[in-house]
Amino acid sequence: MSFRAKLVLAFAASALLPLVVLAFGMRREMSRRLSRQSWSRAASVSSTVTAKLASMRQSTRERLHEVSGVLAADNRFRLAEVAHDSGAARSLIDWAAGAMPSAGFAALQVQDSSGRIVSSGHYRNQFGQVDAVLPAFLDRAGAEGAIIDVVTTSGDVRVLAMIDSFRVASRRYVVIGGTRFTPGDITAGDPEVAVNFEIGSAHPGSHPDQLAREALPYLRSGDTASSDSAIITVTRRPDPMLALQRSVDRWSLAALGIVAFISIVLAAWLGTRISRPLSALAAQTETIDLDRLDQDFGGGGDDEIGALSRLLQSMVDRLRASTVRVREVERRLATGDLARQVNHDVKNGLAPIRHVIRHLGQVAEQHPEQLATIYQERRGTLEKSVEYLETLARQYAKLSPGTDSGMFDLNRVVAEVGTLLSTEGAAVETHCVSSPLVVRADALVLRRIVENLARNAVEASQPDKPAVRLVTSLQSRVGHAHARVEIIDQGTGMSQEDLDRAFRDFFTTKPDGTGLGLSVVQRLVADLGGTLRVETEPGRGSRFSFDLPLVPGQTDLSRGANA
């Protein structure tokens with residue numbers, strides 16, 4: 001992020017943060033107080049609605065009880081039901097219709113104990129019909145009553161119905177009465193409160209703004225199906241408060257936008273004034289390297305930018321003075337590194353020659369007649385070691401040695417290294433797969449890799465431990481075949497600290513070691529596109545393995561016959 005961008009962000013934050021905190025605090029306090037007032041008003045309205053519904057129930061219950069008492073004392077009702085007087089029975093048919101207006105009911109019905117309708121005020125033609133469902137339903141509803149849709153001559157009417165009973169000559173009669181019910185009858189007319197009325201057997205969960213909820217049994221008169229529920233809910237309407245909050249939010253956002261615009265413009269102008277000399281210093285500093293130290297930063301002013309210019313000039317002067325010393329040290333280090341690597345590789349080439357000469361000397365002393373035969377047997381080792389040293393000499397003569405890549409059987413290289421070490425008296429076992437492992441590499445590079453790792457394993461082994469094992473195998477990775485060589489010993493192993501430093505140049509735990517073997521091996525394996533792994537444990541030995549990609553479909557190894 002540039003200095004100018006940081007300055008703009010700092011100005012914007014310092015200007016906007018207090019305003020944001022102020023706007024947030026005002027909105028939060030306003031919302032809290034308005035919400036508290038709204039809930040208080042809504043709770044008052046809810047109490048009013050609940051009181052109206054309770055009053056409607058009480059009034060219906062009392063008026064129905066009065067109607068029941070009047071009918072129980074009516075002699076015409078006794079003559080019709082007990083004495084079976086035909087004249088009284090005809091007058092009883094219209095009794096409920098006449099009693100409904102004075103009682104203030106929208107539905108009124110009288111039934112005997114069998115469910116036979118004795119008189120029906122809201123629908124006269126129901127006289128004599130049997131309806132046992134309605135009284136049983138109202139009996140279950142109890143004193144709270146139920147919502148019923150009754151059939152009248154002018155259509156269905158929804159009523160809050162209750163049931164009362166009386167006895168005449170040991171016979172039980174029920175009186176069913178209902179007051180017309182509409183949600184508007186119990187609303188308080190407050191725009192912030194809604195009274196909802198729903199019919200259904202499902203019972204929805206409570207709403208966050210719900211103040212009261214009451215469920216009444218519901219039945220349609222004449223319906224024999226299972227009953228539903230009439231749900232009455234009182235809910236607070238948050239719309240007026242939300243509208244006020246949105247208005248406050250719009251004004252707050254407008255103020256924030258104006259402040260942000262002014263802050264950004266001011267910060268951009270000030271950032272340009274400050275960043276221009278810094279950009280010039282950055283561009284001038286970017287051209288500095290060890291081969292070009294001719295930059296002049298000048299004296300600068302008396303401010304912080306001038307101090308930075310003088311500091312950079314001092315740094316360039318010190319770099320000029322130390323560049324010569326650094327390059328001299330680099331030349332010395334490069335010469336020392338090359339000398340150590342040459343020493344390491346030459347020692348590897350001389351070791352077989354030294355063993356062969358020692359062997360020939362022992363034979364000359366003990367069995368001189370076999371000297372010619374032994375010499376012929378070991379002549380190949382001498383020639384290969386001399387050829388190895390000659391190739392090294394040619395490679396180092398070039399300083400940046402090239403490679404003569406060809407196709408070689410890795411099994412053959414491993415077998416030759418194993419044979420060479422065995423002739424030197426080392427305990428080595430070689431296990432190669434039967435199929436050729438054809439890789440593309442330089443023969444000298446392959447031998448250096450295998451011999452370095454194998455000699456390290458032999459030197460780390462102990463006399464009473466099993467022999468060092470050289471194992472080759474074929475590996476497959478996501479459709480690509482690889483050759484794997486494993487060098488396994490049961491020697492001293494390495495600690496985690498030694499393993500972390502094992503591949504660094506010049507790190508060694510041997511008194512006469514150069515510390516280049518493993519680092520060279522790692523670079524050579526990487527140059528061939530392979531990977532090198534190490535598994536080790538102190539006191540239990542080490543397993544070095546490296547994988548090289550196989551040449552697809554190659555079995556002709558004529559070029560690598562002498563690898």
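Predicted model: local features only at pLDDT ≥ 70, side-chain atom pairs only at ≥ 80, totals over all residues.
Residues are numbered from 1 along each chain as its sequence is written, and side-chain values use heavy atoms, with hydrogens and water left out. Local features require pLDDT of at least 70 and side-chain atom pairs count only at pLDDT 80 or more, whereas totals for chains, interfaces and linings use all residues.

Strands are DSSP runs (E, at least two residues) numbered from the N terminus, and two of them are taken to pair if DSSP finds at least two bridges between them. Strand E5 comprises residues 171-180. E5 runs antiparallel to strand E4 (residues 155-168), to which ten bridges join it; in this pairing, Ile163 has Ile176 of E5 as its bridge partner. The hairpin of E4 and E5 has two residues between the strands, and Ala169 adopts a positive phi near 55 degrees.

E5 also pairs with strand E1 (residues 107-112), in the antiparallel sense and over six bridges. Four residues separate E1 and E2 in their hairpin, where Gly115 in the turn has a positive phi of about 90 degrees.

In E5, seven of ten residues are buried. In E1, six of six are buried, with Ala107, Gln109 and Gln111 on one face and Leu108, Val110 and Asp112 on the other.

Note on methods: Buried < 20%, exposed > 50% of the residue type's maximum accessible area, 1.4 Å probe, protein only.
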